[in-house]
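Open the model in your viewer and keep the sequence panel beside it. The tour below says what to select at each stop and what is there.

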Amino acid sequence: MLERYGTYVLVFDADRDEVPVFTTTGRWVGEAATPDTIGHPIHAFENTNPP
C-alpha cells in the first residue's frame, strides 16, 4: 500500500516491517526500520538535501 505523507510516499508491505520512503518525484529517501520510525529517514534526507 502506498501512503502519501506530505511530499513523501511511504510503501507499506504486510510481509515486511521496513518501510521504504521516496519523495513524490520518485527520489529515494531511505528506509524506516518500522512504521513508527518513518521520521528518521525523512529528517536525515531534509538535513542533507535542503529545498
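Which residues are linked in a network of salt bridges? The residues are R16, E18 and E31. A salt bridge here is a side-chain nitrogen of Lys or Arg within 4 Å of a carboxyl oxygen of Asp or Glu.

Before going on, note how to read the model. It is a predicted model, in which local features need pLDDT of at least 70 and side-chain atom pairs count only at pLDDT 80 or more, while totals for chains, interfaces and linings use all residues. Residues are numbered from 1 along each chain as its sequence is written, and side-chain values use heavy atoms, with hydrogens and water left out.

**Stop 1: the salt bridges**

Select R16, E18 and E31 and show their side chains. The structure holds two salt bridges. In one, the closest N and O atoms of R16 and E18 are 3.6 Å apart. In the other, R16 and E31 have their closest N and O atoms 2.7 Å apart. R16 lies in the loop between β2 and β3, and E31 in strand β4 (residues 28-32), so this pair ties together parts that are 15 residues apart in sequence. Strands (E, at least two residues) and helices (H or I, at least four) are DSSP runs, numbered from the N terminus.

Buried means under 20% relative accessible area, exposed means over 50%, and partly exposed is in between (1.4 Å probe, protein chains only). Side chains of opposite charge can pair when their charged atoms come close.

**Stop 2: the sheet**

Switch to a cartoon view and select the strands. Four strands form an open sheet in the order β1-β2-β3-β4, with antiparallel pairing. Two strands count as paired if DSSP finds at least two bridges between them. The edge strands, β1 and β4, each pair on one side only. On average, neighbouring strands of this sheet are turned by 25° against each other, direction ignored.

Now select residues 2-5 and 8-11, which are β1 and β2. Four bridges pair these two strands in the antiparallel sense. Two residues lie between the strands of this hairpin, where G6 takes a positive phi near 70°.

**Stop 3**

Axes are lines fitted to C-alpha atoms, for helices over the stretch in contact, and angles run from 0 to 180 degrees between N-to-C directions.

Which residues make up the largest nonpolar core? Select Y8, L10, V19, V21, V29, A32, I38, I42 and F45, nine residues in total. A nonpolar core is a set of buried Ala, Val, Leu, Ile, Met, Phe, Trp, Tyr and Cys residues joined through side-chain atoms within 4.5 Å. In soluble globular proteins, nonpolar side chains tend to be buried together.

Pick V21 from this set. Leaving aside neighbours within four places in sequence, V21 is in contact (heavy atoms within 4.5 Å) with residues including Y8, L10, W28, V29 and I42. Then select T23, which is in strand β3. T23 is buried, with a relative accessible area of 11%. Not counting residues up to four places away in sequence, T23 touches T7, Y8, V9, V29 and F45.

**Stop 4: the aromatic pairs**

The structure holds two aromatic pairs. Rings of Phe, Tyr and Trp (its six-membered ring) pair if their centres lie within 6.5 Å; planes under 30 degrees apart count as stacked, over 60 as edge-to-face and the rest as tilted.

Select Y8 and F45, an edge-to-face pair at 6.3 Å centre to centre, with 90° between the planes. Y8 is in strand β2 and F45 in helix α1, 37 residues apart. Y8 is buried at 7% relative accessible area, and F45 is buried at 10%.

Last, select F22 and W28, whose ring centres are 5.1 Å apart with planes at 70°, so this pair is edge-to-face. F22 is partly exposed at 27% relative accessibility, and W28 is partly exposed at 46%.
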